[in-house]
Amino acid sequence: MSIDNELVELTAAVDDFRRKGCACNWCKRGKGDPDAPHGSGAPLIVDTKGKPATYRRVSSLGNPLEDTYNLDLWATRTVAYGVAITPSLAAQIANCDPKADKKKLNELANKAKEAAKGNQAADLGTELHRVVERLNLGTWSIDDVPEMFKADAEAYLSALDVHKLEVVPGMVEARIVNDEVRAAGTFDMVLGDYTADLKTGSLFSQVGYAVQLATYRNGVLYDVHTDVRTPMPPTDDAVGLIVHLPYGSGRCDIIDVDIAKGWQAAQLANEARSWNYRKDLFTTRAPKIDGGGTDDHSTPSEESPVAVVAGTV
């Protein structure tokens, strides 16, 4: 195989969930824009009743339980720095209306993050992820790996050997749905008896990763072309694995994750998130009437102040 030593070839074939908000032909079932790129919105699934449904990403299912304070501060600092070093972005932002131009401001904020190289580590981690995927599939050997990823790839293969773990054929980059918590995603691999996920950055959230692995383990395989569900092969129901391979470190650690507790957390997170959609918590107080009584309590209407506040974005 002939490979540029510094580049990883990117494949564009769509073998993914249909995505919410995407206008491509795949997501619109042949009735979309043939030139539109495949999007990255929430997964669109045919549920167990045969009806189209929007599922959550498995990777974000644990968000209601995570403390993202420091991560949010990092994102704020990165965007601020990106604006400061890019006068053209600052000028465009200054000409936007904070209320009327939300979409454009979001796009400019993302550009500022890129200008500050806030996405660089994630992008490199994504490319390392692709390298490991090809090693797992057997389409690459260590000799095919570009030099910039070779030390990390060697550390990965060495870790598998030391821990006597083997990649289960057919269980690489598999699509999973979990109908109990209505989430869908793609898990990286099964290693021996364990559901496993590769992480190429910092491990900033134990609960988030435990939820992610547990949701995969308790899900079913999903064929994105036929919408058919098939059972997962049996894997350990108490322990999952994180393969921690930070880009550029030349080090790979195998981490045991308690997915029994992770599944409890997944169900709790799912219940917590459902509270965001409750519409029965506010009741507009009826005015007092002559005689000191009040009218019966009423439920919020679209015109009531309570309903307006509750629906504000």
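Author: Two strands pair if DSSP finds at least two bridges between them. Helices (H or I, at least four residues) and strands (E, at least two) are DSSP runs, numbered from the N terminus. What you see above is a predicted model, where local features need pLDDT of at least 70 and side-chain atom pairs count only at pLDDT 80 or more, while totals for chains, interfaces and linings use all residues. Residues are numbered from 1 along each chain as its sequence is written, and side-chain values use heavy atoms, with hydrogens and water left out.

Reader: Is R182 buried, exposed or partly exposed, and what is its relative accessible area?

Author: R182 sits in the turn of the hairpin that β5 and β6 form, with 4 residues between the strands. Its phi is positive, about 50 degrees, although R182 is not a glycine. Buried means under 20% relative accessible area and exposed over 50%, with partly exposed in between (1.4 Å probe, protein chains only). R182 is partly exposed, at 36%.

Reader: How many disulfides does a search of the whole structure find?

Author: A disulfide is a pair of cysteine sulfur atoms within 2.5 Å. The closest cysteine sulfur to that of C24 belongs to C22, and it is 3.4 Å away, so that's too far for a bond. C27 is in no disulfide either, as its nearest cysteine sulfur, again that of C22, is 3.6 Å off. The count for the whole structure is 0.

Reader: On to helices! Are α6 and α7 parallel or perpendicular, roughly speaking?

Author: Axes are lines fitted to C-alpha atoms, for helices over the stretch in contact (heavy atoms within 4.5 Å), and angles run from 0 to 180 degrees between N-to-C directions. Under 35 degrees counts as roughly parallel, over 145 as roughly antiparallel, 65 to 115 as roughly perpendicular and the rest as oblique. The axes of α6 (residues 206–217) and α7 (residues 259–274) come within 7 Å and cross at roughly 95 degrees. So the two helices are roughly perpendicular.

Reader: Which residues in α7 do V207, A210, V211, L213, A214, T215 and R217 in α6 meet?

Author: Those α6 residues make up one side of the contact between the helices. On the α7 side they meet I259, G262, W263, A265 and A266.
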